[in-house]
Amino acid sequence: MVTDRNQLRFNQALLTLLLPLAALWDLPLLVYLLFLLLASQHTPWDLMVALKRLLRVPHRLVEEDPRPHRFARTLGAVFLGLASLFLLLGLKGVGYALALLVALLAFLNLAFGFCLGCFLYLHLRYARTLFTGK
């Protein structure tokens, strides 16, 4: 299986740059937009991929299992979805805290190559194998 490394880095850079700006300038619409971009990954129209193509970011395909990255992106979407919900409810502190957590984790992956979602995915698979034998 293949993974587009530039797509991953593009997603991480977008989250790392835009989520702190959303919190700093109190722009909940930006959090909502980034949530929609992340949440679109399981649809025929992956908006992050479309945006990368529009900006003409080249592909960098590597032989790698994409499932841990998809899991991590799904977790990011869940947390941004919760952030969006809290922002809609007027709980800005909690909403922006969750959004900034996503930004921090994206930065860790971008800067240091550590993907917490991928780490969790692999350990959950290991635990499943350990307990079910599958």
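**Labels and their cut-offs**

Mentor: Start with Lys-92, which forms a salt bridge with Asp-26, their closest N and O atoms being 2.7 Å apart. This is a predicted model: local features need pLDDT of at least 70, side-chain atom pairs count only at pLDDT 80 or more, and totals for chains, interfaces and linings use all residues. Residues are numbered from 1 along each chain as its sequence is written, and side-chain values use heavy atoms, with hydrogens and water left out.

Trainee: Why is the pair of Lys-92 and Asp-26 called a salt bridge?

Mentor: The term needs a side-chain nitrogen of Lys or Arg within 4 Å of a carboxyl oxygen of Asp or Glu. Here the closest N and O atoms are 2.7 Å apart, so the pair qualifies. The structure holds 5 salt bridges.

Trainee: What parts of the chain does the pair of Lys-92 and Asp-26 link?

Mentor: Distant ones, 66 residues apart. Lys-92 is in helix H5 (residues 92-112), and Asp-26 is in the loop between helix H1 (5-24) and H2. Helices (H or I, at least four residues) and strands (E, at least two) are DSSP runs, numbered from the N terminus.

Trainee: Why does Lys-92 count as partly exposed?

Mentor: Buried means under 20% relative accessible area, exposed over 50%, and partly exposed in between (1.4 Å probe, protein chains only). Lys-92 has 39% relative accessibility, so it counts as partly exposed. Asp-26 has a relative accessible area of 34%, so it is partly exposed.

Trainee: What makes Arg-73 and Asp-46 a salt bridge?

Mentor: Their side chains meet at 2.9 Å, N to O. Arg-73 lies in helix H4 (residues 67-88) and Asp-46 in the loop between H2 and H3, so the pair ties together parts 27 residues apart in sequence.

Trainee: Are Arg-73 and Asp-46 buried or exposed?

Mentor: Arg-73 is buried, and Asp-46 is buried too.

Trainee: Which residue meets Arg-67 in a salt bridge?

Mentor: Asp-65, at 2.7 Å, N to O. Arg-67 has a relative accessible area of 32%, so it is partly exposed. Asp-65 has 24%, so it is partly exposed.

Trainee: Where does Asp-65 lie, and what does Asp-65 touch?

Mentor: Asp-65 lies in the loop between strand S2 (61-63) and H4. Leaving out residues up to four places away in sequence, Asp-65 touches Met-1, Thr-3 and Arg-125. Contact means heavy atoms within 4.5 Å.

Trainee: How do the axes of H2 and H3 cross?

Mentor: The axes of helix H2 (residues 28-39) and helix H3 (residues 47-54) come within 6 Å and cross at roughly 100°. That makes H2 roughly perpendicular to H3. Angles under 35 degrees count as roughly parallel, over 145 as roughly antiparallel, 65 to 115 as roughly perpendicular and the rest as oblique. Axes are lines fitted to C-alpha atoms, for helices over the stretch in contact, and angles run from 0 to 180 degrees between N-to-C directions.

Trainee: Which residues meet where H2 and H3 touch?

Mentor: Leu-36, Leu-37 and Leu-38 in H2 meet Leu-47, Met-48 and Leu-51 in H3. The contact has 6 nonpolar residues, no polar and no charged. Ala, Val, Leu, Ile, Met, Phe, Trp, Tyr, Cys and Pro count as nonpolar, Asp, Glu, Lys and Arg as charged, and the others, Gly among them, as polar.
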